[in-house]
Structures are given as C-alpha cells and as structure tokens.
Amino acid sequence: MAVCDICDTPGQGTIVKAGDMSRAVRNGFNPFKAGLAPDIMEEMVGESSYDSWRESAINGPTSTTDWNVCADCIEVLKPYLGKAAKSEDSHTCDFCGKIFARSDTVAMVDDSVAEKMEQLCGFHRKGQASALDPAGRLRWVACQECTNQFHQAAKGFLKKQ
Ligand SMILES: [Zn+2]
Ligand SMILES: [Zn+2]
C-alpha cells in the first residue's frame, strides 16, 4: 500500500513530479519545520534531518523519483509549488511587480542592497524574495528599469556625500 512520501500516512495521494518537488524544496519547503514529519535525527542526536533530506530531494536519490503526497502535506506544499511554476519562464520584479521574460536582463540582489534600493528610490518590496542564486540563497529580483533607477539614485547619492 502506498504511503505519503513525506509523513508516511497510508494511502494514495497526489503525485508530485520529482522536478516539481525539488523546486519546492529549493523554494524553502521544510516538512520538519512544518510539523509534517517527525525529525527523528533531531530527537536522537540533536541534529536536524533537514539538511540531508534537502540535499537528497534536490540532488540525491529522492530527486529523481516522483512523490506520493497526502492531502495534509499537499496543502502545506502547494504554495511552494505554485511559486516555482510561475518563476520557470518568467520573473516578477520584487520591487515594481512587473513580470518579464527570463531571458531579459535581471538583477538579483541580497537583503542589504534591496534595503538600499528602498531607501534611495522609494521602492516597496512585495512579498518575499523570489529567486535563488546558484548557491541556493534567496535573492530579490529587480527588473532592468528598477536596476537603472537604483544606479541613477546611487550615483546622485554618492555625489552628495
Ligand atoms: Zn503526508
Ligand atoms: Zn521593477
């Protein structure tokens, strides 16, 4: 009998494609933190199972097989899947909300730069950082216009100093 690949609840649930799952994990899905799966490692040796679980789901053995996910787990997983699907062929500027093609120039900035952009340009970030750099860190996405605007503002700011 099938069991949920996240929490071991018996039964046939929703099949989540291996690629969709690994993207959801890269987007921050953590079943231990969400309370879906008991963190046995944490209980036994005080070290979270999450890192090795994450590595397996992104690059390891579980990254190549589809997942059977029960109704409870899919509810928690859904937002992470949705975000991934949207970012596949387009980016949303985290500053002005514009949606643009992945092939367009895009700037990915960390928290400190994003804060500067808000200070200097009066931008207001929407939601959460929506991109991941190759090292898997969350980055804010800025479209070409917002980036230009920031460069102009930064120049003016430096001149004033
Ligand atoms: Zn489950
Ligand atoms: Zn923008």
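The points below describe helix packing, nonpolar cores and a few individual residues in a predicted model.

1. Basis of the note. Because this model is predicted, local features are taken only at pLDDT of at least 70 and side-chain atom pairs only at pLDDT 80 or more, whereas totals for chains, interfaces and linings use all residues. Residues are numbered from 1 along each chain as its sequence is written, and chains are lettered from A, with ligands numbered from 1, in the order in which they are written.

2. Helices α1 and α3. Helix α1 (residues 18–26) and helix α3 (residues 50–58) have axes that come within 8 Å and cross at roughly 140°; helices here are DSSP runs of H or I with at least four residues, strands are runs of E with at least two, and both are numbered from the N terminus. The axes are lines fitted to C-alpha atoms, for helices over the stretch in contact, and the angles run from 0 to 180 degrees between N-to-C directions. The two helices, α1 and α3, are therefore oblique to each other, given that angles under 35 degrees count as roughly parallel, over 145 as roughly antiparallel, 65 to 115 as roughly perpendicular and the rest as oblique. The crossing of α1 past α3 is left-handed, a term used if the near helix is turned anticlockwise from the far one by less than a right angle, with clockwise giving right-handed.

3. Residues between α1 and α3. On the α1 side the contact involves Met 21, Ser 22, Val 25 and Arg 26, and on the α3 side Arg 54, Ala 57 and Ile 58, where contact requires that the C-beta atoms of two residues, placed from the backbone, lie within 7 Å. Sorted by class, the contact of α1 with α3 has four nonpolar, one polar and two charged residues; Ala, Val, Leu, Ile, Met, Phe, Trp, Tyr, Cys and Pro count as nonpolar, Asp, Glu, Lys and Arg as charged, and the others, Gly among them, as polar.

4. The largest nonpolar core. This core has 15 residues, of which Met 21, Val 69 and Cys 73 touch the most other members; a nonpolar core is a set of buried Ala, Val, Leu, Ile, Met, Phe, Trp, Tyr and Cys residues joined through C-beta atoms within 7 Å. At least two residues of this core come from each of α1, α3, β2 (67–69) and α4 (71–87), and α1 gives the largest share, three residues. Met 21 itself touches Val 16, Ala 57 and Trp 67, if residues up to four places away in sequence are not counted. Another core, of 13 residues, lies apart from this one and has Cys 93, Ala 114, Met 117 and Cys 143 among its members.

5. Val 69. This residue belongs to strand β2 and is buried, with 25 other C-beta atoms within 10 Å; buried means 20 or more such atoms within 10 Å of the residue's own C-beta, exposed means 12 or fewer, and partly exposed lies in between, with C-beta atoms placed from the backbone. Leaving aside neighbours within four places in sequence, Val 69 is in contact with Cys 4, Asp 5, Ile 6, Gly 13, Thr 14, Val 16, Ile 74 and Leu 77.

6. Helices α5 and α6. Helix α5 (residues 111–121) packs with helix α6 (residues 144–160) at an angle of about 75°, their axes being 9 Å apart, and α5 and α6 are therefore roughly perpendicular to each other. From α5 the contact takes Met 117, Leu 120 and Cys 121, and from α6 it takes Gln 149, Phe 150, Ala 153, Ala 154 and Phe 157. The residues in this contact of α5 with α6 comprise seven nonpolar, one polar and no charged.

7. Glu 42 and Glu 47. Leaving aside neighbours within four places in sequence, Glu 42 is in contact with Glu 47, Ser 48 and Ser 49, and Glu 47 touches Met 41 and Glu 42.

8. Asp 8 lies in the segment before β1 (14–16) and has a positive phi of about 70° although it is not a glycine; with 11 C-beta neighbours inside 10 Å, Asp 8 counts as exposed.
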